Amino acid sequence: MTVQQEAMWLDDRMTEGPCRYLEPWVHRLTGPVDRSAVHWAWEAVVARHEALRTCYDLVDDQPVQRVRPEGDPLARVSCRSEEEAEERLRELVRAPMDLARGAVRATLLETGADRVILVVQMHHIVLDDWALHILDREFEEFYRARTEGRPADVRPVPLQPGPYALRQRSAPRDPAAMDYWRKNLADLPDDADSTLPADDGLPVSPGHGGRVEFTIGSEATRRLRRLAGRSRVTPFTVFAAATALLLHTARGAEDLLVVTPVSLRGSADLDQMVAPLNNLLPLRLRVRPDDTFTGLLAQTRARTHEAIEFRGVSIVDLVRWTRRRGRLGRNLYRTSVVLDDAADSGMDLPGVRAERLFVFPGTSKFDLSFFFTAADGGYTCTLDYASDRYSAATARRWTDRMLALLDRCATDPDRSVASLVG
C-alpha cells in the first residue's frame, strides 16, 4: 500500500460509524444504450487498472493489498419505475464496503428500454478526483470502440499502484519538507482548529453527514475572477481565504487551519494511473481585524505555494508529529476546501446522453467540507457537514454567510477584515 492508502485503511478500521471514504461515480444514460457495450467497456477499464480489482486486508498484523486477476462483474438490476431506481441508487451509494473483498462495486440499474443508470461505488483508497476523469475518458473510448467495431485507442498504463507504493516507500524522505512543516505548525494555539460553532442537542452520529447545495452565478463569478486576476492569485486562493475569513467570523480566532488536497501527479506515468495520488495538507492562515482581504489573499497564495512545494510529507507524518507534542493531532483536519476549476465535459457516447449524477453518500469526512466546481460560467457548490455538529438550517446559514462574504470581498477587497465581517 502507499502511505496514503495505509492512512485511509487504518482510519476506516478505527473510526466509528459509516465509512467516510465512499465516492460514487454515477451516470444516467438515456437513449438507445448498448448494454453489452456498457458491460464490455466497464470490464475493459477494470482490466487496465489494478486498483479497481484490489483487496486490502491484514496479514501478519500488516496491512497489505492483493490484486485479483479479475474484478467483480457488473451487476444488472431491473427497476419497475424511476422512483424504485432512485431508491436503489441511494441504497447502493450508502452500502458498506468490505475492503478485504474489494474497493469497487458496480451496478447497472435498468429503468426502461432507453434508460439505465451506471452506478460505480468506490472507496477513496483506490482513487482521487483526477482518477474519475480517467474513468470518464476510458469508459467513453471503450464504449465507442465496441459500438463502432474497432480496437480501442488507449495507451498501456505505464505504472500500477503496487510498484508505485514500493517506489514511494523506498524513496528517502525530503528533509526540507519535514523541516518546513515542523516550523509551519510550531506553536499552534489551542483554537487553531476552530470551526463554526456547533448546535446543541443533536444526536451523536459519528461519520454521518448532511449536504447543502448553493451556487455562485456567472456575474458574481466574473467579479471573483477579476479580483483573482488583479491580486495575481487563483480562484482557489480566493475561496480558501474566504473560508478562513468565515471561520474567523464565528469565534474571532486569528490563527486558523484550512486543509486542502495537494496532487502528487505531474508526470506521464502518474497521470495515467488510477490511484489516490494526493496529500491532504493544512494551510495555516493568520486573520487579524486590521488586515485587508487583499493581504489575506497574498498570505493564502504564499501558504498554498509552500504546500505544493513541500507536498511530499504525508498526513501520517503531520498527525504523528503534532500529537507527540500534545497539540492537535487529527484535529488538523476539520475544515477543508476543494476547487475543481476545470469544466467537466463528462462522457460523450454515440447516440446516448450521458449525465453525471452527484449522489450524496450520507457521510462527511470532516466537520465542514466546501466544494466549488466550475459549471456554466459560475460555480456549483456544496457544503458537507457533520450532522452531529450542525443542523441543515445552520449549515444553510453558513453558506449564506459565505456568499455574502464573497460578495463584499469582491466589491472592496481593501476593506479591513473587521469591516468585512461586521
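**Entry 1**

I began with Arg286, which is partly exposed at a relative accessible area of 28%. I took buried to mean under 20% relative accessible area, exposed over 50%, and partly exposed in between, with a 1.4 Å probe and protein chains only. The model is predicted, so I note that local features need pLDDT of at least 70 and side-chain atom pairs count only at pLDDT 80 or more, while totals for chains, interfaces and linings use all residues. Residues are numbered from 1 along each chain as its sequence is written, and side-chain values use heavy atoms, with hydrogens and water left out.

Arg286 forms a salt bridge with Asp255, with the closest N and O atoms 3.7 Å apart. The pair links distant parts of the chain, 31 residues apart: Arg286 belongs to strand E9 (residues 278-286) and Asp255 to strand E8 (residues 255-263). Asp255 is buried, at 12% relative accessible area.

**Entry 2: Other salt bridges**

I applied the rule that a side-chain nitrogen of Lys or Arg lies within 4 Å of a carboxyl oxygen of Asp or Glu. By this rule I recorded 29 salt bridges.

I looked up Asp367 and Arg334, whose side chains meet in a salt bridge at 2.8 Å, N to O. Asp367 lies in the loop between strands E11 (353-357) and E12 (368-375), and Arg334 in the loop between helix H11 (315-324) and strand E10 (335-340), so the pair ties together parts 33 residues apart in sequence. Both Asp367 and Arg334 are buried.

I then noted Arg80 and Glu84, a salt bridge with its closest N and O atoms 3.3 Å apart. Arg80 is exposed at 79% relative accessibility, whereas Glu84 is buried at 18%.

I also recorded a network of salt bridges that links Glu140, Glu141, Arg144, Glu148, Arg150 and Asp348.

**Entry 3: Helices H8 and H10**

I took helices (H or I, at least four residues) and strands (E, at least two) as DSSP runs, numbered from the N terminus. Helix H8 (residues 235-251) packs against helix H10 (residues 293-309) at an angle of about 115°, with their axes 9 Å apart. H8 is therefore roughly perpendicular to H10, a term that covers angles of 65 to 115 degrees.

I listed the residues in contact, meaning heavy atoms within 4.5 Å. Those of H8 include Phe236, Val238 and Leu245, and those of H10 include Phe293, Leu296 and Arg301.

**Entry 4: His248**

I found His248 in helix H8. His248 is buried, with a relative accessible area of 8%. Leaving aside neighbours within four places in sequence, His248 is in contact with Ala253, Glu254, Leu256, Val287 and Val417.

Definitions and conventions:
Axes are lines fitted to C-alpha atoms, for helices over the stretch in contact, and angles run from 0 to 180 degrees between N-to-C directions. Angles under 35 degrees count as roughly parallel, over 145 as roughly antiparallel, 65 to 115 as roughly perpendicular and the rest as oblique.
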